[in-house]
Amino acid sequence: MGNLIVESRPIKENKELVTMYINRDLSWIEFNRRVLEEAQDPTTPLLERIKFLSIVSTNLDEFMSVRVAGLTDQLKAGYNKTDFTGYTPEGLLRRVMKRTEKMVQEQYKCFRELSRSLAKEGLEFTSYEYLNVTQKKQMDRYFHDIVFPVLTPMAVDQSRPFPLVHSLHLYLAVLLRREDESPENEPYFAIVQIPSNLSRMIRVQGRANSRRQDFILLEDLIEVHIHSLFPGYDPVAVHSFRITRNADLTLNEEGAEDLLEEIEKELKRRRWGSPVRLEIGKGFDPYALELLKEEFEIGNNIIIIDGPIDLSCLMKFSAELPGFDQLRYPKLDPVYPREFDETDDLFGTLRERDMLVYHPYESFVAVDDFIAEAAQDPAVMAIKMTLYRVSGNSGLVQSLSRAAEAGKQVTVVVELKARFDEERNIAWARKLEKSGCHVVYGLVGLKTHAKITLVVRQEEAGLRRYVHVGTGNYNGSTARLYTDIGLFTTHPDVGDDASVLFNEMTGYSAPHDWKAFGIAPADMKSKLFELIKRESSNAAVGKPARIIAKMNSLSNQEMVDQLYEASRAGVKIDLIIRGVCCLKPGVPGLSENITVRSIVDRFLEHSRIFYFENGGEKEVWLSSADWMTRNLTRRIELMCPVFDKHLSKVVIRILQMSLSDNVKARILQQNGQYSRPESLLPPFRSQFEAMDIGTWKKAKSKL
C-alpha cells in the first residue's frame, strides 16, 4: 500500500530506564479502579452507580480475555524477558491477579452497599426463600413455563465427555447422588448453562399493599428447581461458575484467500480459546472445583466471588427499569447544531466555513444528515467512508446503500478486525456489497482505525471535496455516551489528503507528501516527534512553549521518552489521559514539567486532541489515534489540523475545561496511583459545564 507500510523495529531495553515508566497493565487496573470509585461515590445517582459497577465487570472481562490471555500465552511459551517497565510475564501476571482480586473484593463490597440502598428505595434483590406463598407460586410457574423448556442438563461421565463451556457464560456445577446410593459413594457431576437469552434479573409480582419491587436472579431460581432437571437424583451441591477464554484473534491474513471467511472461521475458533480465568462462587465444593481445574487447566487464575458472578447484568437492569428517574442523571437531549439547523443548503454553508460538532452535547444526527444529504444530492458523484464500529440500526449504512443504488460511486472501508464487533461488521459489509457499494476490508497486518468521510461533488467551479474527520466511531449509539469531536471542512489540503488516503487504502500508491494529515503508520509518529521537538527548541530560546494532549492511552515508550526530553527542555506539558499512562509525571530532572490527569464521569472521555503552543502561533489537531504502539505502528490512523482559527479556539476551550476540572479529575502521582486534585477554587465539573448548552452555544458563536 505504498508509503503506509513501514518497517517495525523492536524497542531496545535499557535496564537503567526501568524505573522511569509505569507498567501498562498495572496502569489499566488503576483506570478500572477509578471507574469503581464512581460506583462508590455517594454523590453519583444510585442507578448510575449500579451502571458503573457493571462497567467495572465488562472492562475486566475484556482485560482478562486479551491482556491476561497474552501474559498466559507468554508463560506457556517460556518467554521470561522483561518489558521496558521492568516486568517479566510471570511477575506481572502475579501482580495483576493480586490487584484484580483485591479490586473485585471492593467491587462486591460496593454491590452489597448499593443493594441495601436500593432496598430503601423500594428495589430489592431477594432470594426465593424470602418470597411469600403467592410470589413463590408465580416464580414456580415462570420456571416451568419459560425457563425449564430451554435448559439442557449436561452430565459428565465416561460416555459423555466434558461439554464445551462458552467464554463469559454463566453455568451451574451440580453434584448429584442417586436416591438409593450411599453418601460415601463418589457423586455424579453435571453442568447447566444459565440461558443468556432470558432476563437475568427476574421481577417478582409485588406484595399486596406494597410499593416494593422484588427481583431474584435467574440462576437462583434454577438452583431452587434443580431437582426437576435430574429426577431420581438428589442434588448434593449446586454452585455458579464462569470461565473466561482467550478472545484475541490470531489471523493468517497473508495466507487467507478471503479475509472475511478467515475471520468468520477464527470467530468460531474463539469459542475454544484457552481458559485464562475461572470465577467461582464463595463456598464452592472442593470436589467440583478439582474437576473444573483439571478440565480447564486453569492453574491459579481463580477468582472467588462473594455474590452473584458477573455484574454486567446490572447495566441492563438499570437501563430497562421503568420509572425511578430521581435515581438517575437528568436526561440529556443532544442539541442539533445551530449551524446545521439554520441552513437549507448544507454544502453551501460548508463552502463558506468549517463546522465543528461536539458529541454527545451536540447531536450525532448532524453526521447522519450530512451522509443522507450527500446520498440524495444529484450533484454528489462519490462518497468514501471508513467504518470501524457501527451501531445496531445505523442510518449511515442505509444512506450509503441508497447512494449506491442511485448510481453514485460509494466506497466503504470496513474494519472486520474491530475486536468483539467482528460479526456485526461482517453483516454490514455484506449488506453494503449487496446494495452496490465497493467494500474494502482494510490492509494486511493493519487495522483501519481512522474516522473519515469524503464527499465529492460536481459544482460550477468544478469538483469540490467535503470532508468529515472525527475522533470517534461513526456510531450513533456510542455518540450519546462518548465525548468526541467531528470536524466538517472543505479545506483543499484536507481534501487532497483525504483522496490520497482512500486511494492508498483501496489500491496502490506511491509515497505521498501529506499536506495536512499525519498518517499512521507512515509518518504520524515522526510528525508528532517533530512537533514536540519544535516546542523544545522554542523553549530553549525563550519563546512560548506548551503541549496539551488529550487521549485515551499513552503507552509507547518512544513517545514517553520524547515527552521526557521536552520536559527537560522546559516545555510545560499537560496530559489528559482517561486510561493507561506509562509516563511518570513530576519526577525531578525528568518530568517535573509534566502533569497527567484522568477524568472519569458520566460520559466516556474519548476525544483525541493535540495542542502545540508553537511560539504563540497555536496549532490544534484532532485525531483517531492514542499514543500507543498499536496505534502508531499497526493501524491506519490520522490526525488532522483545525485550520479555522475560530474553531481552534473552541477546541482549546474544551481542553481548558478538562484542565480546570476539580470534581471528577484524578491526578497521576509518581507511584502510579491517582488522587483527587487539591483546589481552593469553586467546584468545576467539565462535563456538566459542557452540558450547559447556553454556555456551549455562546462559546461557539463568540470565541
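Reply: Helices, of at least four residues, and strands, of at least two, are DSSP runs numbered from the N terminus. The model is predicted.

Me: How many helices and strands are there in the chain?

Reply: Counting the runs defined above gives two totals for the chain. There are 20 helices, and the strands number 27.

Me: What percentage of the residues of the chain count as buried?

Reply: A residue is buried when its relative accessible area is under 20%. The chain has 703 residues, and the share that counts as buried is 57%.

Me: What is the accessible surface of the chain, and what share of it belongs to carbon and sulfur atoms?

Reply: The accessible surface of the chain comes to about 30,900 Å². The share belonging to carbon and sulfur atoms is 48%.

Me: What is the order of the strands in the open sheet of six strands?

Reply: The pairing in this open sheet is mixed. Its edge strands, each pairing on one side only, are strand 2 (153-156) and strand 9 (302-305). From one strand to the next, the twist averages 30°. The order of the six strands is 2-4-3-7-8-9.

Me: Over how many bridges do strand 3 and strand 7 pair?

Reply: Strands of a sheet pair through backbone hydrogen bonds, either parallel or antiparallel. Here strand 3 and strand 7 pair in the antiparallel sense. Val174 stands opposite Val238 in strand 7. The number of bridges between strand 3 and strand 7 is nine.

Me: Which residue in strand 8 stands opposite Arg245?

Reply: Strand 7 (residues 233-245) and strand 8 (residues 275-281) pair in the antiparallel sense over five bridges. The residue of strand 8 that stands opposite Arg245 is Pro275.

Me: At about what angle to strand 8 does helix 7 run?

Reply: Two helices may be considered here. Helix 2 (residues 46-76) lies across strand 7 and strand 8, and runs at about 135° to strand 8. Helix 7 (residues 286-296) lies across strand 3, strand 4, strand 7, strand 8 and strand 9. The angle of helix 7 to strand 8 is about 170°.

Me: Is Asp61 buried or exposed, and what is its relative accessible area?

Reply: Asp61 lies in helix 2. Not counting residues up to four places away in sequence, Asp61 touches Leu168, Arg242, Thr244, Arg277 and Asp310. The cut-off for buried is under 20%. Asp61 is therefore buried, with a relative accessible area of 8%.

Me: What distance separates the C-alpha atoms of Leu71 and Leu93?

Reply: Leu71 is found in helix 2 and is buried, with a relative accessible area of 6%. Leu71 touches Asp25, Pro89, Leu92 and Leu93, not counting residues up to four places away in sequence. Although Leu71 and Leu93 are 22 residues apart along the chain, their C-alpha atoms are separated by 6.5 Å.

Me: Why are helix 11 and helix 12 described as roughly parallel to each other?

Reply: Helix 11 (residues 365-376) and helix 12 (residues 395-405) pack with their axes 8 Å apart. The contact is made by residues including Val367, Ile371 and Ala375 of helix 11 and Leu396, Leu400 and Ala403 of helix 12. Angles under 35 degrees count as roughly parallel. Helix 11 and helix 12 are roughly parallel because they pack at an angle of about 10°.

Me: Which residues of strand 6 point the other way from Gln213, Phe215 and Leu217?

Reply: In a regular strand the side chains alternate between the two faces of the sheet. Strand 6 (residues 213-217) is mostly covered, with five of its five residues buried. Gln213, Phe215 and Leu217 point one way, and the residues pointing the other way are Asp214 and Ile216.

Me: Which residue in strand 6 is the bridge partner of Ile202?

Reply: Strand 1 (residues 123-125) pairs with strand 6 in the parallel sense over three bridges, and Phe125 stands opposite Phe215. Strand 5 (residues 201-204) pairs with strand 6 in the antiparallel sense over four bridges. The bridge partner of Ile202 in strand 6 is Ile216.

Me: Which residue just after helix 15 takes a positive phi?

Reply: Helix 15 (residues 524-540) has 17 residues and reaches 24 Å from its first C-alpha to its last, close to the 24 Å expected. Its buried residues include Met524, Phe529 and Ile532. Just after helix 15, a positive phi of about 85° is taken by Gly542.

Note on methods: Residues numbered from 1 in each chain as written. Predicted model: local features only at pLDDT ≥ 70, side-chain atom pairs only at ≥ 80, totals over all residues. Heavy atoms only, no water. Expected span 1.5 Å × (residues − 1). Buried < 20%, exposed > 50% of the residue type's maximum accessible area, 1.4 Å probe, protein only. Pairing = 2+ DSSP bridges. Axes fitted to C-alpha atoms, helices over the stretch in contact; angles between N-to-C directions. Contact = heavy atoms within 4.5 Å. Areas by Shrake-Rupley, 256 points an atom, 1.4 Å probe, with all protein chains shown as cover. Parallel < 35°, antiparallel > 145°, perpendicular 65-115°, else oblique.
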